[in-house]
Amino acid sequence: MTRLTLSRRSFLTGAAVASTAPLAGCFDGVASRDSTIRDVLETANSLTYRVQRMLLGSDDLAREYSPSEIRQPQRPNGTTNPGDVDYRQLAADNFASYRLKISGLVEKPAQFSLDELRAMPSRTQITRHDCVEGWSCIAKWTGVPLAALLDEVRPTAPARFVVFDCFDTMENGFAGPIRYYESIDLADARHPQTILAYGLNDQALPVSNGAPLRVRVERQLGYKMAKYIRKIALVDSLSAYGQGNGGYWEDRGYEWFAGI
Ligand SMILES: Nc1nc2c(c(=O)[nH]1)N[C@H]1C(S)=C(S)[C@@H](COP(=O)(O)O)O[C@H]1N2
Ligand SMILES: [Mo]
């Protein structure tokens, strides 16, 4: 039981205290070069998906903060300006011709413009984003609950995962550039705080933070929160994507279930 109480969130908070950084700030560089903290984080990674699921309960909410606790802009990380040609064209007209396509194991595949998404019921939440590198930011996110979109497209019985396909590519290898992608299970997809965000701190979501649409999965680490969402698919297996581990970073060794 002791082991289970060692959540990644408490490690991150501990790291912040140790470095005397303000508790609610962006802890830039706190852990990125500290191998001890890094090792501890990787130990926390070994908590299994099933154990974390049991502990979390399906609808427990991540902590939400007050506006006064937003102390700085959300620190852009990873890709901050995709070079993809289609993306550049969409960005040039402020994403007016962007369409979010949802397909795969659904009864009613559909696509949504940004205006349509903005017209749907929205949710705003002030939450803390924890990056595996050891920094955190508190920010206010506004978007459409993913559950509402799932209700529209109606996943079929075999659907187990939601896969987010992104516009940005991460590196050039022999096989060409690799697109960022991520995935979550339906329990997280339907969680009340899981939103496709188009707003950040009362402004339109900036390109550096994932415009036009990025997912918030508040009970998991930052790398789960795909930015620059190109399309979404409902699937029964993750094997067809990348190396089959469910995400760009998962294919490079990170845990698929990155519970905090
Ligand atoms: N498409 C895409 N999504 C991404 C990334 C990325 O490089 N590309 N980086 C991830 C990581 S590691 C983090 S910490 C967050 C950073 O989000 P931010 O730039 O809004 O802070 O986005 C995540 N989602
Ligand atoms: Mo991250």
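A salt bridge is taken here as a side-chain nitrogen of Lys or Arg within 4 Å of a carboxyl oxygen of Asp or Glu. With that in mind, this predicted model can be explored through its charged pairs, of which a search of the whole structure finds 13.

One of these salt bridges joins D84 and R179, whose closest N and O atoms are 3.4 Å apart. D84 belongs to the loop between helix 4 (49-56) and helix 5 (85-92), while R179 belongs to strand 6 (residues 176-185), so the pair ties together parts that lie 95 residues apart in sequence. The two partners can also be described by their accessibility. D84 is buried, with a relative accessible area of 17%, a value that falls under the 20% cut-off for that class. R179, at 27%, is partly exposed.

Another salt bridge links R128 with D130, and here the closest N and O atoms are 2.9 Å apart. R128 is buried, with a relative accessible area of 8%, and D130 is buried too, its relative accessible area being 0%.

A further pair is formed by K140 and D202, whose side chains meet in a salt bridge at 3.1 Å from N to O. Strand 4 (residues 136-145) holds K140, and the loop between strand 7 (195-200) and strand 8 (203-204) holds D202, so this contact ties together parts that are 62 residues apart in sequence. D202 is exposed, with a relative accessible area of 58%. Salt bridges can also share partners, and in this way E182, K224 and E250 are joined into one network.

Attention now turns to the ligand. Ligand 1 sits in the largest pocket, where 22 residues surround it, the closest being Q74, R75, N77, D168 and K227. Among the elements of the fold, strand 5 (residues 161-173) gives the most to this shell, with three residues.

Several polar atoms of the protein come close to ligand 1. A polar backbone atom of R75 is 2.4 Å from an oxygen atom of the ligand. In the side chain of D168, an N or O atom is 2.7 Å from a nitrogen atom of ligand 1. N209 takes part as well, with a polar side-chain atom 2.9 Å from a ligand oxygen. On its own, ligand 1 has 530 Å² of accessible area, and the protein covers 98% of it.

Terms used:
Residues numbered from 1 in each chain as written. Chains lettered and ligands numbered in written order. Predicted model: local features only at pLDDT ≥ 70, side-chain atom pairs only at ≥ 80, totals over all residues. Heavy atoms only, no water. Helix = DSSP H or I, 4+ residues; strand = E, 2+ residues; numbered from the N terminus. Buried < 20%, exposed > 50% of the residue type's maximum accessible area, 1.4 Å probe, protein only. Near = heavy atom within 4 Å. Polar contact = N/O pair within 3.5 Å; in protein donor to acceptor, adjacent residues only side chain to side chain. Areas by Shrake-Rupley, 256 points an atom, 1.4 Å probe, with all protein chains shown as cover. 1 Å grid on protein atoms, 1.4 Å probe; cavity = no way out; pocket = protein on both sides within 12 Å on 5 of 7 lines; lining within 4 Å. Sits in = over half its atoms within 2 Å of the grid points.
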